[in-house]
Amino acid sequence: MKIFQKLLFYFLPISIIPLIIVVSINYASSHYYIHNALETHLSSINQLKITSFNRFVKTNTYLLESICQRPLVIDNLVKMLDHQRTDPEYIISKNNLIYIHLNTNVAETGGIETFSILHPETGEIIASSDPSLIGKFKENKEYYIKGRQETFIDQITYLINEKRIVLHISSPILTPSGRLVGVLVGHINLNELTDIIQKDTNSFSSQETYLVNKAHLFITLPKHTDNLNYQVPVFTQGIDNCLAGNTSVEEYNNYLGIPVIGSYNWVPDWQLCILTEVEQSIALQPTEQLKTIYVILLFLIIFIIFGLAVIFSKNFVKPIQILNKSAKIIGEGNLDHRINLTSTNEFMELSQSFNQMAENLQIEQYQNDVMLKELLHARINLENRVDERTKELKIAQENALSMVDDLRVSRNIAFENEINFRTIFEDSPIALLEKDASELKVFFDKTYDRKKYEMDEYLKKYNLEIEDKLKLIKLKHVNQAAIKLYEAKDENEFMQNHYKTIIDYDLMLKEEIIPILNGETFIRFEGAKKTIKGNDLWTITNISIPEGYEYSLEKILISIQDITPIKNVQTELKIKALELEKSNQELESFAYVASHDLQEPLRMVASYLQLIQKRYTDLLDDDGREFIKYAIDGAKRMKNLINDLLQFSRIETRGQSFSNINLNTVIEEVKLNLKEHIETDQATIIFDDLPQVFADYGQMIQLFQNLIANGIKFHGTQKPIIKISCEEIKNNQNQETQYLFTVEDNGIGIKQEYYERIFVIFQRLHTQNEIEGTGIGLAIAKRIIERHSGTIWVESEEGVGSKFIFTLPKKKEVKNAK
Amino acid sequence: MPNNFDKKKIDILLIEDSPGDVRLTKEALNEIKMDSELYIVNDGLEAYAFLLKKGKYQNVPTPDLILLDLNLPRMDGRELLELIKEQESLKSIPVIVLSTSNDQEDVNKLYMLQANCYLTKPVDFLGFVELMKAIEMFWLRLVLLPSKSVKK
C-alpha cells in the first residue's frame, strides 16, 4: 500500500494548506474589520461627548454674556458704583440687579447655579443670586482676574470638601464707553456631568464612558462602580497613555482588571481625559463565533478530501499491482506469462506493451543462443590464421636482410659519383656553393606541422629571429670561383663570414627559403649581395636541389653569376636616359614658348614694312624699294621658320593618343593635301596595300606628306614617281615583328655624306633660290617616327633617286605613347 | 539680299593691347573704307566695363561686333569671352577672335567658349587688309545681326 500512503501524504497537504491559508486570511480580515469598526465607534463616542459637553458650556456662556450686555444691568451697576452703599439708589440698583437679572436666570438643574457680580476694582461680590456670598472677596480667583479682560471659562474643578465638580464662567461688564463696571461670574454645578457623559452610549451592555483628571481621579464615575469613590486614584494603561497627552484606541485591562477595548482622548481645554471602554469578551463576540464556524468547516473539508483520496488511490494502485506481479513471474523465467487486463485506459496500453516485451524477450533469447555458437567457431578460425601470418613474417624478414645487402652495394656506386661531382664542383669557373638546410627544414616542420609555409605571418611575428633561424643552414662546400667572387682569402674565411654576404634577410627568406621549403627544386633570381670585404655585388643566383634531397634538404647547390658590371652599365644608362629626357623636354617647351612669342614682333616688322612699301613706295628710290623687299622677304621666311620650329616642338608635346590607323586612308588624304603640287609637277604616287598601324593619325599624315612632298619637290628631269611599299621584318634586337616602309622617288638623290645631315632641323642642302623650304620636313619625319618607336634612314644614288626607309612596330603597344 | 546698308554706322569694339595692331586695324579699315565707328580698349577689364557701360563708359553704344585679341593684360581674352557669353545682355553680340596662334588646341578651346569665329592674324599688312575685308563682307553685309533692342 505504498502508493496509497504516498498519495494521501501528498494530497492532504496540497488541499489543506491552501484551505487553511484562505480561512485564516478570511478570519483575520473579518476580525480586523470588526475591530476597526469598534475602534471607530468608540472614538466617535468620545468625540460626541466632547462636543455635547462643549455645547453645554457654550450655551451657558452665551447666557452669561447676554446678561453682561443688558443696558439695565450696566445702568444699575454704574449707579451702584457712583453712589455710597448707604444711598437708596445703591440699594435699589442692587436689588434690581439681583431680582430682575440674576435670580431669574438661575437654572434649576443642568445649568448655572449661581450668578454673582464682582466689584471691578476689589473683586468683592457686590450682588449675587446666593445672598450668602455677598461681601466675599474673590480678587485672587483666576475667573476674576481673567474675567476683567474677556469672557473666561475656568477649568473643571473637583471640590473635595463639597464632593462637587464645578465650573466657573466669567465675563466683564462694560459701559458703551468702555468703562469696566463689574465682572459677572456664573457657577455651574457639574454633578449633572456624569449624566451627560453616560447618556445614550449603550451600544454594548458593558460599554462605559468616564472622565479622569490629571491626578488620576475620576471626574465622572464609571457605570458599574458604585463602590468606588472619587478620591481613589486609578491607574490603567488607557488612563496613563491618555494623561501623557495621547489620543488612541487600545486593548488593555480596565480599573477592575477586565480586558477592554478603550478609546481615550486628551481634552486640553478641560485638562481632562475622556475614556470610552467596552469589555473585549462582549465586543469581539462576533469574531469568536466566526472562528468556530471556520474551524468546523475546515474539518469537514479535510474529512471529504481524505475519503476521496482513499477511493481514488485504491482504484489507481490495483492495475499496478497486477503488472508488478506479472513482471515478477517473467523475471523468474516464465516468458510465457501474459497479462489479461480489461480496461480502456492507459493501463490497458501498458499491459499490451508488457505482453509485446515478453514476446520480444523470447525471440532475443533464441538469437543470443545462435550467436554464441558462431562466436566460438570464429575464435577457432582466428587462431589458425595467426599461425599462418607468423610464418609469412619470418620469410619477409629474411628478404629484408638480403635487401640491406643490396643497398650497401648501391651506396658504393653513389660514392663514386660523389667523387666525380667534387672534381667538377671544384674546377668550375662559375662560383658554386653547397649548403645543408636539413636543420632548418626540421625546425620549420616542427613549428608548422607541414602546412604550406605562408611566411608573411612568420616574418611579422619572428622578425628578430630570422637571422638566427637562417644560421641553421650550413655551408658545406664552396669552390675556388666562389671564394674569388666573394673576395675571401680562403675557404675557411669564406665559411666563417658567409653571412656577411647577405644584405636582406627578409628577402632571402621570401625568395629562397620559403619556395624551397614549399618543395621548389629550382629557383633563379637576381639580387644585390655584398662581398666579405663589403663591396657591392649584383648576382644572378641559381638554386637547385638534387634529386633525392627534396624533402631532407640535406644538399642544396647554388651557382652564382656576377653581373655587377652589366648592372652598373645599366644603371648609368638609366640615369643618362632620364637626364636626356629631361633636357629634351626643357628644349621642347623652350622651343614652343620662344616660337610663339617670337611671332608677335615679327608680324609687326613685316606688316609695317609692307605698309611703308604700299604708302611710301613713291618716296623711295630703287635701292630703297629693293631693301624693303628683302626685309619683307626675310620676315616672311623667319615666320615660316618659327612656324616649323613650333610644329617640330609640338610633335612630342602636342601629340595625340594612338589608335589603329589605316595607312591607305592616310595616303589618300595626303594626295588630297598635295593636290596642287601633284598636278603642277605631274607626279604619280603608287602604293601597295598598306597595313594598319597603331599610331597618331595627324602625325602619320604629316610624316607621309613630308616624305612625298620631298619626293615631288626634289624631282629631276623626269616627272616624279613616288612608290610607297611595306613589308614585315623581325627586329634583330628583340625579335619583335615590325613593318618596314619604303618611300622611293626618282629625284635628284642625295650624296652619302649628307645621309645624316638631312634629318637635322634647318639643315638644307640647297639655297633658297634653288629650292624653297626651311629644311624641317625630314627632321619632323624623323621625330614622328622616333615617337612611334621606329627608325628612319635614307638610301640614295645621285641622279637616280632616294629611298626613305623607316620602321614602325607591328604590335599595338608603342613605347612613349602619349 | 538681306543687308545692313540702311543702317547708319556699324559700332565695332576692338579689344587689343598692342598699339601696333590697333594702328594696323585702323589702317586696314581705312583701306577698305568701311563705314564704321571703331572703339578701342586695351585690356579685358576695360572691355568688360565698356560692355556693361560702367564708369567712364556710361555713354558708349553697345557694339555690333567685337574684335578680340587673346593675350591681354589684367584679364585675358578667354576669360573675357567667357564673361560675355554668360551675360544675357551681351551674349548675342558676335565675337571675332583674332590671334597669332594657329594651335589647334587654342582654336578648339575658343570655340568651346562660344567664340563666333576664330581668325589668325596674317603676318603681313596686305593679308590684314584682306582679313578686314572678309570680316566686313561676312559679318557686316551677309550676316543678319541681332537688333540692338535685344541687347538690353
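**Ground rules.** I am working with a predicted model, in which local features need pLDDT of at least 70, side-chain atom pairs count only at pLDDT 80 or more, and totals for chains, interfaces and linings use all residues. Residues are numbered from 1 along each chain as its sequence is written, chains are lettered from A and ligands numbered from 1 in the order in which they are written, and side-chain values use heavy atoms, with hydrogens and water left out.

**Whole chain.** I counted elements first: chain A has 21 helices and 22 strands. Helices (H or I, at least four residues) and strands (E, at least two) are DSSP runs, numbered from the N terminus. Then I looked up burial, where buried means under 20% relative accessible area, exposed over 50%, and partly exposed in between (1.4 Å probe, protein chains only). Of the 818 residues of chain A, 39% count as buried. For contacts, meaning heavy atoms within 4.5 Å, I took those in chain A with a separation of 6 or more; residues 24 or more positions apart account for 60% of them.

**Cores.** A nonpolar core here is a set of buried Ala, Val, Leu, Ile, Met, Phe, Trp, Tyr and Cys residues joined through side-chain atoms within 4.5 Å. Which members of the largest core touch the most others? They are M700(A), F704(A) and F806(A), out of 42 residues. Helix α20(A) supplies the largest share of this core, seven residues. A second, separate core has 40 residues, among them I67(A), M80(A), I117(A) and W270(A).

**Helix α21.** Why is this helix of chain A largely enclosed by the rest of the structure? Helix α21(A) spans residues 777–787, and eight of its eleven residues are buried, so the rest of the structure largely encloses it. Among the buried ones I noted L778(A), I784(A), I785(A) and R787(A). Their cover includes α16 (564–616), α17 (622–653), α20 (697–713), β21 (792–797) and β22 (801–809) of chain A. Just after α21(A), S789(A) takes a positive phi of about 60°.

**Helix α17.** I picked one residue here, L641(A), which lies in helix α17 of chain A. L641(A) is partly exposed, with a relative accessible area of 33%. S595(A) is 46 residues from L641(A) in sequence, and the two are 8.9 Å apart in space, C-alpha to C-alpha.

Two strands pair if DSSP finds at least two bridges between them. In chain A, four strands form an open antiparallel sheet in the order β7-β10-β9-β8. Its edge strands are β7 (208–213) and β8 (248–253), each pairing on one side only. Between β7(A) and β10(A) (residues 272–279) I found six bridges, in the antiparallel sense.

**A hairpin.** β13(A) and β14(A) form a hairpin with five residues between them, and G534(A) in the turn has a positive phi of about 100°. Nine bridges join these antiparallel strands; F525(A) has T541(A) of β14(A) as its bridge partner. Which face of β13(A) is covered? The covered face holds I523(A), F525(A), G527(A) and K529(A), while F522(A), R524(A), E526(A), A528(A) and K530(A) make up the uncovered one.

On a 1 Å grid over the protein atoms alone, a cavity is a set of points where a 1.4 Å probe fits but cannot get out; a pocket is an open set with protein on both sides within 12 Å along at least five of seven lines; lining residues have an atom within 4 Å of a point. Grid points are joined across faces, edges and corners, and a volume is the space filled by probe spheres set on the points.

I found one cavity of 30 Å³ or more. The largest cavity has a volume of about 100 Å³. K435(A), I473(A) and I543(A) are among its lining residues, and α15(A) gives the largest share of the lining, four residues.

The second largest pocket holds about 720 Å³ of space. Of its 21 lining residues, N584(A), E588(A), E652(A), R783(A) and E786(A) are the closest to its centre. Helices α16, α17 and α21 of chain A each give two or more residues to this lining, with the largest share, nine residues, from α16(A).
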